[in-house]
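Here are my notes for you, as numbered points. Have the model open and go through them in order.

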Amino acid sequence: MVLDSKVPEGPLADKWDNHKFDVKLVNPANKRKFKVLVVGTGLAGASAAATLGELGYEVEAFTFHDSPRRAHSIAAQGGINGAKNYRNDGDSVYRLFYDTIKGGDYRGREANTYRLAQVSVDIIDQMAAQGVPFAREYGGLLANRSFGGAQVSRTFYARGQTGQQLLLGAYQQMMGQVNAGKVKLHTRMEMLDLVTKDGEAVGIVCRNLLTGEITSHSGHAVVLATGGYGNVYYLSTNAMACNVTAAWRAHRKGAHFANPCYTQIHPTCIPAADEFQSKLTLMSESLRNDGRIWVPRDPDERRAAADIPEADRYYYLEEKYPAFGNLVPRDVASRNAKTVVDQGLGVGPLKNGVYLDFAAAIERDGLDKVWERYSNLMEMYERITGEDPRETPMRIYPAIHYTMGGLWVDYNLMTSIPSLYACGEANFSDHGANRLGASALMQGLADGYFVLPYTIGDSLAGKLGTDPVSTDDPVFQQAEQDVRDRTQTFMSINGTRSPDYFHRELGKLVWNYIGMERDKNGLEKAISEIRALREEFWKDLRVLGNADTLNSSLEKAGRVADFFELAELMARDALDREESCGGHFRSESQTEGGEALRNDDDFAHVSAWAWNDENTPQTKHAEELIFENVELTQRSYK
Amino acid sequence: MSANTLNLTLQIWRQEGPNAAGRFETHEARNIPDDASFLEMLDVVNEGLIQEGKVPIEFPHDCREGICGTCGVMINGRAHGQERGTATCQLHMRKFSDGDTIAIEPWRAAAFPVVKDLVVDRSPLDAVIEAGGFITAPTGTAADANETPIPKEAADSAMDAAACIGCGACVAACPNSAGQLFTSAKLWHLNSLPQGQPERFKRTEAMVETMEQFFGSCTNHGECSEACPKEISLDFIAYMNRDYIKSKRVNRKLAGQR
């Protein structure tokens, strides 16, 4: 099967404009005749629902939270990129495109990435008009900072709460459309299956999390904006409820899952303190602008950090990468932290972290200056660890943070199932094998505000005059029955272990074998161990209580069941990709200096996996990546 | 950083559903590391309950980093517990002592009926936002973001208000279950910005009157701000009251009445 990315012809800079002219339009008077289901109400979902409502479509939006404002987009701290060049420092749409393609280690689609950079400019305007309180200079104009090692200052931010403020902007805009009667909002509704008829998406089946009621919802198109799958690692910076279920259910109905092995590890998180740790907290990597990263040279070091003399400290990033030092990209910083911790040089009671030290910055700039820059992060750190970073260095360690892989989509954001779209982190499209800092918020809003609302018309236009498939249709009845049966299965296994137990054990396997560094042996082991644990799950799961009330264990069981299947596919994808690129590091494929070594001859493609059936592993389809505008280079941060 | 553990007695509110009668249950929490968060302590208790074949306690939580606003319980009678400016998920067990008895209840407010155990329904907060908590700026209509300069102080003040996480602690802490702090924070965020001016008084009237349908009246106790994990200022309530009075006059004028 040939995957058609539907990338338009023409020069890179003109593709999007040409495409907007070429896609079919739906007459304003006809838009109300189309119903679009939007699943997930984070940045991508809320902005899509709001914009589709404004355009005149009938929209139904679904979230499993009690309010759309809880979506995990809210936790992004650092900022959002926009190629505004307000700082006059040489930024441009092309530079943002180039940085994103290069940062993604040349595993992204040129045309998608260029479009992302183009609309980044409009996003900033749109969000300012929404009343997002971006940081400003004394003259009243917007402030910017350089982020994640970028050579220009193009990141807009709202204190350390940029994700929160952008999400509230999109949420409020959507609530305006709820008020106007154009968006119908369903809260506490979890999508548990996608319904297809004749190979086309026609609706979804949901469980009401408060009453357990299983209901069908039908529309002309379904949009999944359900986030990433980082929670497969159990300990991650994701919220507790983040999951892959909606995307995975779609995958099982025929949507290809692309590049599942591309996961991003964030270098500056707070290390786990004990075995009960339920999640990891990320601290903005802006901390690396002023903090120096080091470990003691002696694995048996017993002295407190402040008492260790300079000569006994190993500033490993500064020593290995004199040019970039502590500001090397996320994957390089993360892998080096793992290396020193694996060597037994880790710090803290569990020896599972490295120091991030502000002493030099405090001496240079004064405590007041440093505190002004990082007070919110330092307070958060102190609250969680009980240690004051002004007196003793922070301890940090990498944690899974974002997943670049996701549902395969074409240039229109349509998956391999007609009329099913995927937006934001749920799709695979724009970041290649690694995402730049401050680009997640940008992509979610780009998809929801400026891409999907145009491209969705192309498939809807052909359906004028047709009604959505009735929920009485046998395809809906069958899907509902499948969901009921599955729920009943979870309730009746009556084993001895909680869903959390299985999730935690699965997480350990995924972290150890499909984490920062992967190799053939480990990945093969991962596949067999994941399968064994999965079998145990289906035999020994214990879900108590009832299915007709709020039941977190039951919800969790369904999500963990899907994580098992995803984890296996991640391992198989990582095994198949015999090269290192971006967030995917195969230890067999590295330069002499220990850097990720790509294999462009064999792997300059997207791996899109097609579901077969329960007993037959997925089949890989390759979408070749064609680079017409950038030259593929080996990254070097020496 | 320490490796101490705590043994605690928990008095936890259990309630099967919205219409069931609730009761306190006593549970022991044993060997809780003091680096654990309050919610991780509840995780441990729930694991134990599942092992014993008892239905685990439902409690609200999600991001566990103090920003999503999902979590929130009354801890010893105080919303989010005794620590100032701290959401329940960021409260850590090192703030408690070995042998403590801790009472844990859901938010208590008529507007927030109990769903199950410690989980309540906070949808009235969304209803207040829906009534007018937005700026009408359809996608694609925006001018360049730097076309409207906003003095830094004004933007900072709007951000102070916008920091609200919508957890509902203000309502739970208020003796009248009033929704003023939540509503006024959103109003000040939008009403203080140039972009928010055209709809300022329409928004104020609609949001305040929607709030009144669900919540009690404010009598300036200040418990809301005291309990707020983001320490939202009581000043915003004064600004809201001023704008509300003005809205009655302005909105009549806009409608052509004198």
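1. Let's start with how chain B holds itself together. If you take its contacts between residues at least 6 apart in sequence, 72% join residues at least 24 apart. A contact here means that the C-beta atoms of two residues, placed from the backbone, lie within 7 Å.

2. Before going on, a word on what you're looking at: this is a predicted model, where local features need pLDDT of at least 70 and side-chain atom pairs count only at pLDDT 80 or more, while totals for chains, interfaces and linings use all residues. Residues are numbered from 1 along each chain as its sequence is written, and chains are lettered from A and ligands numbered from 1 in the order in which they are written.

3. Now the overall make-up of chain B. You'll find eight helices and seven strands in it; helices (H or I, at least four residues) and strands (E, at least two) are DSSP runs, numbered from the N terminus. Its C-alpha atoms fill a box of roughly 70 × 40 × 35 Å along the principal axes. Of the 258 residues of chain B, 52% count as buried, where buried is 20 or more other C-beta atoms within 10 Å of the residue's own, exposed is 12 or fewer, and partly exposed is in between, with C-beta atoms placed from the backbone.

4. Chain B splits into domain 1 (5-116) and domain 2 (122-254), with bounds that come from an automatic or database domain assignment. The C-alpha centres of these two domains of chain B are 30 Å apart. Their contact uses 18 residues of domain 1 and 16 residues of domain 2. On the domain 1 side, that's 10 nonpolar, six polar and two charged residues. For these classes, Ala, Val, Leu, Ile, Met, Phe, Trp, Tyr, Cys and Pro count as nonpolar, Asp, Glu, Lys and Arg as charged, and the others, Gly among them, as polar.

5. What about the place where the chains meet? Chain B puts in 66 residues, and chain A puts in 66 residues. Several elements of chain B supply at least two residues each, among them helix H1 (38-51) and strand E6 (114-116). H2(B) gives the most to this side, with six residues. By class, the chain B side has 33 nonpolar, 17 polar and 16 charged residues.

6. Over in chain A, the domain assignment gives domain 1 (267-400) and domain 2 (474-600). The centres of these two domains of chain A, taken over C-alpha atoms, are separated by 30 Å.

7. Next, look at a helix pair in chain A. H13 (residues 474-492) and H16 (residues 552-576) of chain A pack at about 110 degrees with their axes 10 Å apart. Axes are lines fitted to C-alpha atoms, for helices over the stretch in contact, and angles run from 0 to 180 degrees between N-to-C directions. H13(A) and H16(A) are therefore roughly perpendicular (65 to 115 degrees; under 35 is roughly parallel, over 145 roughly antiparallel, the rest oblique). A:Thr487, A:Phe490 and A:Met491 of H13(A) meet A:Leu554, A:Ala557 and A:Gly558 of H16(A).

8. Last one: is A:Glu595 buried or partly exposed? A:Glu595 is partly exposed, because 18 other C-beta atoms lie within 10 Å. You'll find A:Glu595 in the loop between H16 and helix H17 (600-603) of chain A.
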